[in-house]
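Open your viewer and get ready to click along.

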Amino acid sequence: VLLKGGHLKGERVVDLLATRAGLRKRLESARISTHNGHGTGCTLSSAIAAQLALGLDLVAAVQAARRYILGAIAAG
């Protein structure tokens, strides 16, 4: 499960990746001020799926997808 924290208040965005095996990974980044956030959750899930299809393990796939979406938000 990836619990996204993008809609919470604060200067940092904190997501939590939790697995059935007991992994709890905190993923944190600076908040990017934007009005172009619509659809970013769908894009993030697609990016995770793409990274998994490329053979990355779950944690690496989520980290790579987060980097991708943060770059897209910053460019928007």
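Predicted model: local features only at pLDDT ≥ 70, side-chain atom pairs only at ≥ 80, totals over all residues.

Residues are numbered from 1 along each chain as its sequence is written, and side-chain values use heavy atoms, leaving out hydrogens and water.

Next, switch to a cartoon view. The protein chain has two helices and three strands, in the order β-β-β-α-α along the sequence. Helices (H or I, at least four residues) and strands (E, at least two) are DSSP runs, numbered from the N terminus.

Now select Leu17 again, together with Leu27, Leu44, Ala47, Ile48, Val62, Ala65, Ile69 and Ile73: these nine residues form the largest nonpolar core. Colour helix H1 (40-53) and helix H2 (58-75), and you will find that each supplies at least two residues of this core. Which helix gives the most to this core? H2 does, with four residues. Such a core is a set of buried Ala, Val, Leu, Ile, Met, Phe, Trp, Tyr and Cys residues joined through side-chain atoms within 4.5 Å. Buried means under 20% relative accessible area, with a 1.4 Å probe and protein chains only.

Finally, select the whole protein chain. Buried residues make up 25% of its 76 residues, and its C-alpha atoms fill a box of roughly 35 × 25 × 15 Å along the principal axes.

Note on methods
Buried < 20%, exposed > 50% of the residue type's maximum accessible area, 1.4 Å probe, protein only.
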